[in-house]
Amino acid sequence: MARVLFAPISIAAGLIAGLLGRRLFEGAWGLIDDQEPPDAEHRQIEWPKLIAALAVEGAIFRLVKGLVDHGARYSFQRATGSWPGEDAPEPE
């Protein structure tokens, strides 16, 4: 039941994480280069710069998404007393 109630919160948290991740990436890229970050859609790009931009963007988005998701789950648990997910990773 907790997962069903948590679904709208998860969607909203994902949107917030995306917006926050975008702003953090733009700020971080501004420290790396004074031009806008290259995108895979651009025809004339430098491969090393594209690889760096994608790696930095991916790392920032994954970090922000994980932190926001865990924070939303923690807040949900504090409000409802039920954790919307697994307690721990499955052992191998």
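Analyst: What follows is a set of questions about the labels, with the values set against their definitions. This is a predicted model, so local features need pLDDT of at least 70 and side-chain atom pairs count only at pLDDT 80 or more, while totals for chains, interfaces and linings use all residues. Residues are numbered from 1 along each chain as its sequence is written, and side-chain values use heavy atoms, with hydrogens and water left out.

User: How many helices and strands does the chain have?

Analyst: Two helices and zero strands. Helix H1 covers 2–32 and helix H2 covers 47–80.

User: What makes the chain more spread out than a compact globule?

Analyst: The globule rule is 2.2 Å times the number of residues to the power 0.38, and the radius of gyration is taken over C-alpha atoms. For 92 residues the rule gives 12 Å, and the chain comes out at 17 Å, well over that, so it is more spread out than a compact globule. Along the principal axes, the C-alpha trace spans about 50 × 30 × 20 Å.

User: How much of the chain counts as buried?

Analyst: 18% of the 92 residues. Buried means under 20% relative accessible area, exposed means over 50%, and partly exposed is in between, with a 1.4 Å probe and protein chains only.

User: Which residues make up the largest nonpolar core?

Analyst: Ala 17, Phe 25, Trp 29, Ala 53, Ile 60 and Val 64, six residues in total. To be called a nonpolar core, a set must consist of buried Ala, Val, Leu, Ile, Met, Phe, Trp, Tyr and Cys residues joined through side-chain atoms within 4.5 Å. Another core lies apart from that one, with five residues, among them Ala 2, Phe 6, Ala 72 and Phe 76.

User: Why does Ile 60 count as buried, and what does it touch?

Analyst: Ile 60 has 17% relative accessibility, so it counts as buried. It sits in helix H2. Contact means heavy atoms within 4.5 Å, and leaving aside neighbours within four places in sequence, Ile 60 is in contact with Gly 21, Leu 24, Phe 25 and Ala 28.

User: Why is the pair of Phe 6 and Phe 76 called edge-to-face?

Analyst: Rings of Phe, Tyr and Trp (its six-membered ring) pair if their centres lie within 6.5 Å; planes under 30 degrees apart are stacked, over 60 edge-to-face, and the rest tilted. There are two aromatic pairs by this rule. For Phe 6 and Phe 76 the centres are 5.4 Å apart and the planes at 70°, so the pair is edge-to-face. It links distant parts of the chain, with Phe 6 in helix H1 and Phe 76 in helix H2, 70 residues apart. Phe 6 is buried at 3% relative accessibility, and Phe 76 is buried at 8%.

User: What are the distance and angle for Phe 25 and Trp 29?

Analyst: They form a tilted aromatic pair, 6.2 Å centre to centre with 35° between the planes. Both are in helix H1, and being four residues apart they are separated by about one helical turn. Phe 25 counts as buried at 2% relative accessibility, and Trp 29 does too at 3%.

User: Why does Asp 33 count as buried?

Analyst: Its relative accessibility is 17%, so it counts as buried. Asp 33 is in the loop between H1 and H2.

User: What does the side chain of Asp 33 make a polar contact with?

Analyst: The side chain of Lys 49, at 2.6 Å. The label needs a pair of N or O atoms within 3.5 Å; within protein, one must be able to donate a hydrogen and the other to accept it, and residues adjacent in sequence count only if both atoms are side-chain atoms. Asp 33 and Lys 49 are 16 residues apart in sequence, and C-alpha to C-alpha they are 9.4 Å apart.
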